Structure formats: C-alpha cells, structure tokens
Amino acid sequence: MKSYFVRTFGCQMNKHDSERIAGLLEQRGLVVADSPETADVIVFNTCCVRETADDRLYGQVSSLKALKTGGRPDVIIAVGGCVGQRDGADVLKHAPHVDVVFGTHNIHELPALLDAAESGRPAISVLDGGDRFASDLPSARDSAWHAWVSITVGCDNHCAYCIVPTVRGPERSRALEDVVDEIAALVADGVVEVTLLGQNVNSFGRDRYGEPRFAELLRAVAATGVRRIRFATSHPKDLSDDTILAMAEVPAIMPYLHLPVQHGSNRILAAMNRRYTREQYFARIEALRTAIPGITLSTDIIVGFPGETEDDFADTLDLVGRVGFDHAFTFIYSPREGTPAAVLPEMVTREVAQERFDRLATLVRDLSFSSNEREVGAVRSCLIEGASRRDTAILAARTSHNKLVHLPVPYGMRADEMAGTVHDVRIIAAHPWFLTGEFARGQR
Ligand code: SAM
Ligand code: SF4
C-alpha cells in the first residue's frame, strides 16, 4: 500500500486545504506516513506571505533530493499552494527533482497530476481561477471534534504589502446553504467547534447580490446546533454592527475576535491601503466591548513598512497599549515581488525594524501576561483539545475566550479520550502565553 505525507506551511486556510489534499489521497487508497522519509508521495502545501516561509520551503524541498538520489528514485514530490501558484514551472528551476506542481485553484487535480508524474516527467498545472471550494472536496480531518469550514476564498482588498490577492485570486463566497449543510453534517459526525475561514469573512456574500451576508450566516450556522463557532479573519473596515449584534446575541459564537490592525499610524495605514483610520479602529473596539463585555481581542501588526518613522512606530505602540490586546501576532515587513509596496523607496533597515519589533514584542508579552493574570480565580468553560504538546499527562484546553489552559489529566483517564468534551475549569495560575487550571468542583 502506498503512503503519503503532507507538510503544511502558513495559515489556517492552508491547513484546511491540506486536510482536503489528504482526503483526496486517501480516497485513492494511500495511507498516511509518519514522516516524509518513509512516504511514497510527499506534498508541500506552501505559503509565500513572507520571505521566511518561502525560504523554508525551498530549503526543505532541496533536502529531500538526497532521498531520490539515495535509493528511492520513485518517491514523488509535489509542491502546491501559494508558491506553486506564484512560481508554476519555475519551481523546477529552484528544485529540479520536484515531480508535480499545482496551484491554489486546482487541488482537485492532484490525483491526475500524480498519475501523470508516474511516467517520469514533471506534471505541472496552475490555473488562474476556479470555482471549487476546498470544502467541497473529500477530507481527512486532523481532529474529530473541530473542523475548518471555508466560507470565502480569495481577497479583493489589495493591501499594499500583501501577495494573497495575487495567489488566491478575487474574493468569492460560498452559497450559504452549502456552508450550513456541511456544518450540519459535521455536527452529526461529532464535531463540536467550527472555525469559518476566509481572508475577510466580514465581506461574505458581497459578491452574491441580494443573498445573505455574514451576520445572517453566523445565525444560520448556530441553528445547526454546533456548540462553538469561531471565525477568521475579520477586516476592521467590514466588521458590521449586524455582525457585532450576532456575536452578542448568539451564545454559540465565542467571545473572542481576531481583528488585524496592521499599524497604528494613519499615514502608514493609508500607505498600506487598509482603508480605515486608527480612530475608526478604536470605534470598532469600543462597539465590540460595549456589546460583548469581556470579549478578548487579538490582532496582527507589521513593523518596518517602507517609510515608517520612529513617530509612526510610536503610534503603533500607543494603539496597542490603548486597546490592550489580549494577544498579537507581530511581523517584520517582508517585501513581496509584485505587490505595490515592493517598489516603495525608504526601506526601513533590518536593524531598525528588528529593534522596533523587539520593543513591540515586549509590550505584547506584557499585555498577554496581564490579560492572563486577570483570569486567575475565574471558572471558565473549556473545550479539551487533547494532550499538551510537551506532556501527555497534561491536557490542553481552550476557554471560550480562546485562552490556552493546561490542566492535569484526571486519574484513570486518557487525554485523547477527553478531546472534544467541555468542562468548567478553575484558573489557578497565569503565564505569559498560557494558563494553568484544575477541574472545578463537581466536574471531573
Ligand atoms: N486576510 C488577513 C488579514 O487581512 O488580516 C490575513 C492575511 S495574511 C495571510 C496574515 C498576516 O500576515 C497579515 O495580517 C499581515 O499582518 C501579515 N503579512 C501579510 N503580508 C506581509 C508582508 N509582506 N510582510 C509582513 N507581514 C505580512
Ligand atoms: Fe492580504 Fe489585506 Fe487581503 Fe488580508 S485583507 S489577505 S492582508 S490583501
């Protein structure tokens, strides 16, 4: 029996695509391998949002050349996803031992491409667009209790730094009924939490004139009976009052929002083409906190965008401190060829960007720690995710506010048996990036 291994880089969208890639391969009778070294088919599902992801991919693909020259010439190596879409046949210039290249719009073609590559010649197919959602393909889900569900693909926003619209194409929304039917089937299959995925979920339905928008979708998803609903990513300019109201009224929608701000300076926000000001961002945060008291908030921030001065950066620190995010993902700007920002003059030097990044990282760590300290003593409803990464005697669980909690596996139980169950947990200690807890009285 042939085996496969899928290595995923990048965002949740890619993780979801990888489950579909695995589903297609399993449908053809392949079984999952423990490592790339033992697999007959190795698929790299790639990301090119920042240069580091790009470099890591080509580094890892190159290191597999030894596998082919060292006695396993029949191993098939496939490169798909965002780098496949962007580089097409040029992937072979970097890595001539690659057998299959496919893009973001034609995951469904992978089995046919693998067949073609068995003849010994590289099989390459990259489409400019397509109307298939990964969610419509067979799936080998990573988790029995959680599922990613794609609701939009592509992006129409064209932020000046971002390669996503180039490699993922224009935004398209899935039909509401398809999303709801998929989630109803997942619930029947034991799934308790779904994460709705899109580059900008808030604009769901905009391309389907007269059809329901995101707030209505959220309510329809809740009506399936799914216990927990999360979604990513939200764009501040499209976060509507209707969506905030749905978040406030529907108990299954978790009281947590990831709302990328990217920068704190109005001048840089305009140069980034984000189409909101810091004042408008503050107003959205206020609306969220008024409607959903205690909501936790995270964000994405880019440091070192071309032309960023020390004053601009001070605006970022000021905004982050004023909002008091519970968590933030921070990035040093990485020029991406073909994006409008890549040709801007006034690059911030690597040293300056790194120094600013370090200052921001310290602030984010302090905020995250204070946010966690405020949880100590509270009893939170937690979904058990399974064993913690480091210790099978410790459970990893998630509060509805999206905080990670570690707690001991109860005597006589196994972490994997408990995954997907919900319990009340008392928070007993805070750490910068996680909490520790114990089952509340009366619970296990
Ligand atoms: N669509 C989402 C949004 O609008 O926030 C996320 C897209 S992107 C895959 C995830 C994050 O990567 C962005 O929010 C941004 O902070 C960061 N990012 C995108 N392009 C970047 C670049 N060229 N350099 C550094 N960070 C970048
Ligand atoms: Fe990229 Fe902006 Fe679209 Fe997000 S909204 S994917 S950052 S272009």
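The questions below move from a strand to helices and then to loops.

Tutor: This is a predicted model, so local features need pLDDT of at least 70, side-chain atom pairs count only at pLDDT 80 or more, and totals for chains, interfaces and linings use all residues. Residues are numbered from 1 along each chain as its sequence is written, chains are lettered from A and ligands numbered from 1 in the order in which they are written, and side-chain values use heavy atoms, without hydrogens and water.

Student: How many residues of strand β7 are buried?
Tutor: Helices (H or I, at least four residues) and strands (E, at least two) are DSSP runs, numbered from the N terminus. Buried means under 20% relative accessible area, exposed over 50%, partly exposed in between (1.4 Å probe, protein chains only). His146, Trp148 and Ser150 point one way from β7, Ala147 and Val149 the other, and all are buried. For β7, residues 146-150, the count is five of five.

Student: How do α13 and α14 lie to each other, roughly parallel or roughly antiparallel?
Tutor: Axes are lines fitted to C-alpha atoms, for helices over the stretch in contact, and angles run from 0 to 180 degrees between N-to-C directions. The two helices, α13 and α14, pack at about 10 degrees, with axes 10 Å apart. Angles under 35 degrees count as roughly parallel, over 145 as roughly antiparallel, 65 to 115 as roughly perpendicular and the rest as oblique. Therefore α13 is, to α14, roughly parallel.

Student: Is Asn273 buried, partly exposed or exposed, and why?
Tutor: Asn273 sits in the loop between α11 (266-271) and α12. Its phi is positive, about 60 degrees, although Asn273 is not a glycine. Because its relative accessible area is 31%, Asn273 is partly exposed.

Student: Is Glu346 buried or exposed, and why?
Tutor: Glu346 lies in the loop between β14 and α14. Phi of Glu346 is near 60 degrees, a positive value in a residue other than glycine. Because its relative accessibility is 60%, Glu346 counts as exposed.

Student: What is omega of the cis peptide bond between Ala232 and Thr233?
Tutor: Most peptide bonds are trans. Thr233 is in the loop between β11 (228-232) and α10 (241-249). For the cis bond joining Ala232 and Thr233, omega is about 5 degrees.
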